[in-house]
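Welcome! Here is a short briefing to read with the model open beside you.

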Amino acid sequence: MTAIQKNTFSSLTPAQFAAIGTELDAIRNRVRADLGQRDADYIHNMVKRQRQFEVAGRVMMMIPPTWPLGVASLGVSKILDNMEIGHNVMHGQYDWMGEPALNSKNFEWDSADTSKNWKITHNYEHHTYTNVLGKDHDIGYGLLRMSEDQKWEPRFLANLPLTVLLHTFFQHFVAVQNLHLEEAMIYKTKTAAQVKEEFKPMWAKMKKQLKKDYVFFPLLAGPLAPLVFTGNVLANLTRNVWACAVIFNGHFPEDVEQFPESVVENETRGQWYVRQLLGSANFSGGKLMHIMSGNLSFQIEHHLFPDLPAHRYAEIAPEVRAICEKHGLPYKTGSFAAQTLSTWKRIAKLSLPSGKSGKVSARKANDEALAPLAMAA
Amino acid sequence: MSATAPRTHFFANGLRRALSSRIAATLAYPHGVDRYLEQFAPTFSLNEVRAEVAAIRHQTDDSVTISLRPNGNWQGFRAGQYVRLTVEIDGVRRTRCYSPANSVHATDGLIELTAKAHGGGFVSKFLKQRLSVGTTVGLSQAEGSFALPETRPARVLLISGGSGITPVMAMLRTLTDEGHSGPITFLHYSNAAKDLIYAAELAEIAAKFPNVQLLRGYAEPHQGGELEGLFCRAHLNAVPDFADAESFLCGPPGMMKAVQKLWADEGLTAQLHLEHFSAAAPVVADNANAEGEVRFVRSERLAKNSGATLLDQAESLGLKPESGCRMGICHACTCRKASGRVRDTRTGEISDAGEADIQICVSVPVGTVTLDI
């Protein structure tokens with residue numbers, strides 16, 4: 001699955017970190033300098049397709065014979081809106097275009113989560129502290145046990161059913177992620193009043209989304225309202241499950257590494273790059289798979305260059321892979337099915353108290369514990 | 001015109017009201033109604049002014065005159081005002097200021113902009129060489145206080161140089177359309193006869209309206225103009241009553257300075273109205289005395305203060321803050337300064353050290369400055 005691996009985070013020398021940093025920076029600078037009409041056309045076309053799928057989906061859902069097509073079409077529209085457009089635009093990938101509608105400051109997506117909240121939990125916390133336990137809340141969303149270094153609690157026996165729940169209501173979990181509900185409900189480090197106050201802006205957006213999909217569009221269909229209501233439930237569900245699966249595959253297959261908090265102290269650019277490399281995994285697929293996953297099938301490239309237009313990742317992936325091989329670092333990739341299976345295996349294993357069930361992971365945990373020492377040396 | 005016109009109008013209004021309704025907004029949430037309709041009607045918008053390029057003509061070798069058909073949101077302009085024009089060039093939206101040159105009474109519904117493609121003019125070069133008829137462009141509503149007063153002055157002197165002709169051309173055309181009876185002098189400077197934009201129309205107007213005096217000044221000799229050389233006191237011998245006139249001035253910096261000085265010397269500053277934005281001289285950076293650093297917190301960039309404007313410094317770091325006129329007029333680049341002092345390149349004024357909104361295209365850091373970019 002991976003190239004010949006000789007190096008780990010702790011075995012790299014400062015000079016090697018610096019070299020990796022320089023080589024990756026060079027890719028970034030080259031692509032940034034090359035951004036232009038091609039990228040603008042790409043995202044404009046993607047927006048056009050999304051609008052077409054959305055309008056077609058909502059119309060077809062109101063005509064019984066085309067209802068299944070309508071559901072599929074709206075599902076595709078929501079996936080495009082959230083993944084290839086929303087997620088990427090909010091990363092600032094298209095800010096250079098100077099177009100207000102495609103600017104990370106202004107863009108709002110078709111999801112229960114507010115763009116403002118997303119830019120904190122995702123762009124800042126997750127992308128800065130990728131796979132750092134205690135800092136990257138995406139490790140389990142406060143709901144699941146995703147790492148051996150996460151202390152086992154009886155509630156994690158439900159790791160698998162809770163993962164299903166997270167997939168089902170993904171947009172709403174993400175929307176309330178920043179509330180850190182586990183702190184209020186389980187660890188009692190947060191009061192209900194605090195949660196209530198922080199929930200207000202989230203609820204404002206959720207309300208609008210719910211009104212649109214579950215009140216206004218059904219009403220527009222008159223007697224067919226139940227049909228449209230059900231269709232919208234299914235379209236949202238499709239998007240939720242797909243988005244959650246894509247994200248889980250990017251960071252939770254078994255061979256993806258996690259890091260202790262100490263790793264981010266005085267971290268160099270090169271070390272940050274390597275942590276992103278080791279903390280992410282790709283999955284293979286055709287062009288359609290890449291578009292529908294918002295090019296998060298190139299999760300490694302995305303984590304190295306979160307603000308480069310995502311449709312460029314496919315082009316630079318061979319270079320990134322070559323850099324990994326040159327420095328003896330793993331470049332983790334596999335089929336969508338293989339990565340999904342591996343992720344669910346990890347989730348299943350971690351529902352039990354024993355943290356040492358996978359020996360590969362155990363070795364890595366040791367490596368990582370040593371990592372900061374090695375760096376200080 | 002036709003019998004169906006009122007009915008069409010009724011439906012158009014009804015449709016517009018429906019699209020502006022809260023129900024439409026809820027259905028189109030979060031992207032908004034415009035973002036759906038623009039996919040097949042690019043110039044349509046509920047609020048924004050957009051326009052379609054209706055015609056392009058090349059009056060001189062280095063100028064281009066563009067006729068724009070604005071959508072229904074355009075509220076018209078006062079002769080002399082400018083608009084911010086936004087065009088997409090190589091995937092990037094660029095905004096520049098141009099003054100419509102047409103009469104405010106023009107019945108064709110078009111806005112006429114003329115740009116001069118000077119050497120460093122990235123956008124004007126694009127307009128000259130690459131813009132095509134049918135393209136959708138963005139526009140602002142008309143802005144600026146340089147405009148003919150509602151009560152037209154009895155005596156009008158219009159002074160311009162180069163592409164600074166556009167706002168005063170709008171004034172001249174507007175006044176003649178109104179049958180303005182007071183004397184109007186049109187004093188314009190260009191390098192040579194071949195560079196004079198609107199040459200034929202100016203001659204026509206001067207021939208048709210006895211109250212219009214046309215004075216063409218050329219920097220190069222033997223061009224057949226009424227005046228020769230750059231603006232000077234002697235040229236005003238042709239306008240002996242200039243002190244009685246309300247004067248409107250737009251042109252290159254050197255010329256504007258000379259006119260301003262003369263008017264100041266004569267104690268006539270209150271009668272001189274000016275527009276600054278044609279071919280602005282580059283700001284002279286105070287490189288020698290630059291100290292401290294510039295910090296762009298949102299993008300986590302930091303650099304030594306080079307003494308250039310904050311906009312230039314941001315761009316040289318690879319950042320792309322919104323910007324427009326790059327000379328302090330349009331406020332597109334306005335952003336939050338978290339701390340530090342800046343010097344206004346136009347006035348030399350130094351700001352407070354506290355938090356404030358500043359126009360980064362005309363602000364040079366004085367010591368360390370932190371910006372929310």
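In which loop of chain A is the place of A:Lys135? It is the loop between helix H4 (115–128) and helix H5 (159–168) of chain A. Keep in mind as you look that this is a predicted model.

**Around A:Lys135**

- A:Lys135 has 17 other C-beta atoms within 10 Å, so it counts as partly exposed.
- Setting aside neighbours within four places in sequence, you will find A:Lys135 in contact with A:Tyr129, A:Glu261 and A:Val264.
- A:Pro260 lies 125 residues away from A:Lys135 along the chain, yet their C-alpha atoms are separated by 9.2 Å.

**Where chain A touches chain B**

- Chain A brings 22 residues to the contact, and chain B brings 15 residues.
- On the chain A side, helix H2 (37–60) and helix H8 (192–220) each supply at least two residues.
- H2(A) gives the largest share of that side, with six residues.
- Sorted by class, the side of chain A that touches chain B holds eleven charged, eight nonpolar and three polar residues.

**Strands in chain B**

- Strand E17 (residues 363–371) of chain B pairs in the parallel sense with strand E13 (residues 293–296) of chain B, over three bridges.
- To see this pairing, look for B:Val294, whose bridge partner in E17(B) is B:Val369.
- E17(B) also pairs with strand E15 (residues 334–344) of chain B, in the antiparallel sense and over six bridges.
- Here you can look for B:Asp344, which stands opposite B:Ser363 in E17(B).

How values were computed:
Residues are numbered from 1 along each chain as its sequence is written. Chains are lettered from A and ligands numbered from 1 in the order in which they are written. This is a predicted model: local features need pLDDT of at least 70, side-chain atom pairs count only at pLDDT 80 or more; totals for chains, interfaces and linings use all residues. Two residues are in contact if their C-beta atoms, placed from the backbone, lie within 7 Å. Helices (H or I, at least four residues) and strands (E, at least two) are DSSP runs, numbered from the N terminus. Ala, Val, Leu, Ile, Met, Phe, Trp, Tyr, Cys and Pro count as nonpolar, Asp, Glu, Lys and Arg as charged, and the others, Gly among them, as polar. A residue is buried if 20 or more other C-beta atoms lie within 10 Å of its own, exposed if 12 or fewer, and partly exposed in between; C-beta atoms are placed from the backbone. Two strands pair if DSSP finds at least two bridges between them.
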